[in-house]
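Open the model in your viewer and keep the sequence panel in view. The tour below goes from one selection to the next.

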Amino acid sequence: MTLPNPLTPTEIDHALTQLKGWKIKDEKLHREFEFKSFVEAFGFMSSVALVAESMGHHPEWFNVYNRVIIVLTTHDVGGISVMDVELALKVNELASQE
């Protein structure tokens, strides 16, 4: 498998215009989600896990009760890549269905 190149700062800025709710924090894509309950948050995480596994690209994340924090970076290339943007778009789609 060929690894993607890290995105340039200009490419990241452009991607952020398409990624509602996402920001750059510690040189990674970062977004926090809040749900009505732990069960909804866990269901969302399960849905994201299935998508991430199918992409072969896995998030860094943290869950406390009804909050889920997702952080995306492509460790193999040392920065944000198109894979992170694609996963962030899919995560937003899943969140809009909750």
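Start by selecting F35 and F44: both residues are buried, where buried means under 20% relative accessible area, exposed over 50% and partly exposed in between, with a 1.4 Å probe and protein chains only. This is a predicted model, in which local features need pLDDT of at least 70 and side-chain atom pairs count only at pLDDT 80 or more, while totals for chains, interfaces and linings use all residues. Residues are numbered from 1 along each chain as its sequence is written, and side-chain values use heavy atoms, with hydrogens and water left out.

**Aromatic rings**

Rings of Phe, Tyr and Trp (its six-membered ring) pair if their centres lie within 6.5 Å; planes under 30 degrees apart count as stacked, over 60 as edge-to-face and the rest as tilted. By this rule there are five aromatic pairs. One of them joins F35 and F44, a tilted pair with 4.9 Å from centre to centre and 40° between the planes. Next, select F38 and F42: their ring centres are 5.9 Å apart and the planes stand at 35°, so this pair is tilted.

**Helix α2**

Now select residues 38-55, helix α2, in which F38 and F42 are four residues apart and so separated by about one helical turn. Helices (H or I, at least four residues) and strands (E, at least two) are DSSP runs, numbered from the N terminus. F38 is partly exposed at 38% relative accessible area, and F42 is partly exposed at 46%.

**The nonpolar patch**

Show the surface and select F38, V39, F42, F62, V64 and Y65, which form a nonpolar patch with about 630 Å² of accessible area together. Patches are made of residues with over 30% relative accessible area and no salt bridge, with like charges joined within 9 Å and nonpolar side chains (Val, Leu, Ile, Met, Phe, Trp, Tyr) within 5 Å. Accessible areas come from the Shrake-Rupley method with a 1.4 Å probe; for residues, only the protein chains shown count as cover. Which element gives the largest share of the nonpolar patch? Helix α2 does, with three residues.

**Strands**

Select strand β4, residues 67-72: five of its six residues are buried, so the strand is largely enclosed by the rest of the structure. Two strands pair if DSSP finds at least two bridges between them. Strand β2 (residues 28-34) pairs with β4 in the antiparallel sense over six bridges, and L29 stands opposite L72 in β4. Strands β3 and β4 also run antiparallel, joined by five bridges; W61 has I70 in β4 as its bridge partner. Two residues lie between the strands in the hairpin of β3 and β4, where Y65 takes a positive phi near 50°.

**N63 and its contacts**

Move to N63 in strand β3, which is partly exposed at 23% relative accessibility. Leaving out residues up to four places away in sequence, N63 touches F38, A41, M45 and V68, contact meaning heavy atoms within 4.5 Å.

**The salt bridge**

Last, select E60 and K28, whose side chains meet in a salt bridge at 3.3 Å, N to O. A salt bridge is a side-chain nitrogen of Lys or Arg within 4 Å of a carboxyl oxygen of Asp or Glu, and by this rule the count is one. E60 is in strand β3 and K28 in strand β2, so the pair ties together parts that are 32 residues apart in sequence. E60 is partly exposed at 28%, and K28 is partly exposed at 23%.
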